[in-house]
Amino acid sequence: MEIPESVSVLGLRYEVRLADLEDEDGACSPSRQLIQLRDGMGAEKAAQTFYHELLHALLDQLGYSELYGDERLVQGLAIGLHQALGGPTSSA
């Protein structure tokens with residue numbers, strides 16, 4: 001999967017950037033409409049992380065603040081999306 005430079009999240013344009021993130025693989029900033037991915041990850045890990053951060057953005061835009069921080073839910077959905085859209089069959 002090629003990571004896009006931007007993505008529309010329920011009508012709002014989010015910029016997608018590679019960044020020098022030290023302690024995390026990705027970050028989502030709804031207030032800045034920005035998704036950041038740690039530079040240097042392999043393609044599969046970057047794709048899964050992109051889906052993870054995209055889901056955070058969707059949950060925020062839908063007003064599900066109680067689910068936005070549910071990392072277990074978000075990660076499970078991200079792995080499922082990644083697999084459904086052509087990723088590997090394991091979450092490694």
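Tyr-51 is buried, with a relative accessible area of 9%; buried denotes under 20% relative accessible area, exposed over 50% and partly exposed in between, for a 1.4 Å probe and protein chains only. The model is predicted, so that local features need pLDDT of at least 70 and side-chain atom pairs count only at pLDDT 80 or more, whereas totals for chains, interfaces and linings use all residues. Residues are numbered from 1 along each chain as its sequence is written, and side-chain values use heavy atoms, with hydrogens and water left out.

Four strands form an open sheet of mixed pairing in the order S1-S2-S4-S3. Strands (E, at least two residues) and helices (H or I, at least four) are DSSP runs numbered from the N terminus, and two strands pair if DSSP finds at least two bridges between them. S1 and strand S3 (26–29) stand at the edges with a single partner strand each, so one side of each lacks a neighbour in the sheet. From one strand to the next, the twist averages 20°. Helix H1 packs on the sheet and touches S1, S2, S3 and S4, its direction making about 155° with that of S4. Such angles run from 0 to 180 degrees between N-to-C directions, with axes fitted to C-alpha atoms, for helices over the stretch in contact.

Strand S1 (residues 6–9) pairs with strand S2 (residues 12–19) in the antiparallel sense over four bridges. Ser-6 stands opposite Glu-15 in S2, and Val-9 has Leu-12 as its bridge partner. Two residues lie between the strands of this hairpin, in which Leu-10 takes a positive phi near 50°. The pairing of S2 with strand S4 (residues 34–38) is parallel, over five bridges, and Gln-36 in S4 is the bridge partner of Arg-17.

The largest nonpolar core has 17 residues, and those with the most contacts inside it include Val-9, Tyr-14 and Phe-50. A nonpolar core is a set of buried Ala, Val, Leu, Ile, Met, Phe, Trp, Tyr and Cys residues joined through side-chain atoms within 4.5 Å. H1 gives the most to this core, with seven residues.

Definitions and conventions
Contact means heavy atoms within 4.5 Å.
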